[in-house]
Amino acid sequence: EFERIYRAEYARLVAIAQAYLHDRDAARDAVQETFVRMYRNWPDVRGLDLPAAWARRVLVNLCIDATRRAKREATANRRVDTMPGVAAPAVDAGTDVDLIRRATADLPDLQRAVVALRYVDELSVAEIAEVLGVHAGTVKTSLFRARRRLARVLEEQS
């Protein structure tokens, strides 16, 4: 029965999501997530009069979430692009490595990961986003906040 619904509804759901999201790949991703959720909840969904209606509701909710997330990211990117740059703290031979370790240990997990990938592995923003499974805007925001915090901490200790 699940497979029958999948075959009958897949194309229709992609069309709905594509009309909402204006992006074919994002639409397909949303539909796949819808079917993953349906499969996970199949014991409950199969008892509904209209399981396809349940799938449509889940899909619409996913599209709404994706649109909100995209708007938040666009806003964050605009803010970061208009902020004066904060240079990465300089690390030279005289820098106390233990101080840097302590300073980065206090960073939130995402910021710490972004700093490590950027300055240790020398990855680009796009590469960091791919590694962490987040959007480039999230990487830029995290990197900006981490640099600002590290600059303050290192300045206080100097």
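**Salt bridges and a positive patch**

At 25% relative accessibility, R56 counts as partly exposed. The class boundaries are simple: buried is under 20% relative accessible area, exposed is over 50%, and partly exposed lies in between (1.4 Å probe, protein chains only). The model is predicted, so local features need pLDDT of at least 70 and side-chain atom pairs count only at pLDDT 80 or more, while totals for chains, interfaces and linings use all residues. Residues are numbered from 1 along each chain as its sequence is written, and side-chain values use heavy atoms, with hydrogens and water left out.

R56 has a partner. Its side chain meets that of E9 in a salt bridge, at 2.6 Å from N to O. This pair links distant parts of the chain: E9 sits in helix α1, R56 in helix α4 (residues 51–82), and 47 residues separate them. Helices here are DSSP runs of H or I, at least four residues, numbered from the N terminus. A salt bridge is a Lys or Arg side-chain nitrogen within 4 Å of a carboxyl oxygen of Asp or Glu.

E3 forms a salt bridge with R7, and their closest N and O atoms are 2.8 Å apart. E3 is partly exposed, with a relative accessible area of 47%. R7 is exposed, at 63%.

Now move to helix α6 (residues 109–119), which holds both R112 and D109. They form a salt bridge, with the closest N and O atoms 2.4 Å apart. The spacing is three residues, about one turn of the helix. R112 is partly exposed at 32% relative accessibility, and D109 is exposed at 57%. Across the model, the count comes to seven salt bridges.

Return to helix α4, where K71 lies. K71 is exposed, at 57% relative accessibility. R68, R69, K71 and R72 gather in a patch of positive charge on the surface. Patch members have over 30% relative accessible area and no salt bridge, and like charges are joined within 9 Å. Areas come from the Shrake-Rupley method with a 1.4 Å probe. Lys and Arg count as positive, and each charge is placed at NZ of Lys or CZ of Arg.

How values were computed. Helices (H or I, at least four residues) and strands (E, at least two) are DSSP runs, numbered from the N terminus. Patches are made of residues with over 30% relative accessible area and no salt bridge: like charges are joined within 9 Å, nonpolar side chains (Val, Leu, Ile, Met, Phe, Trp, Tyr) within 5 Å.
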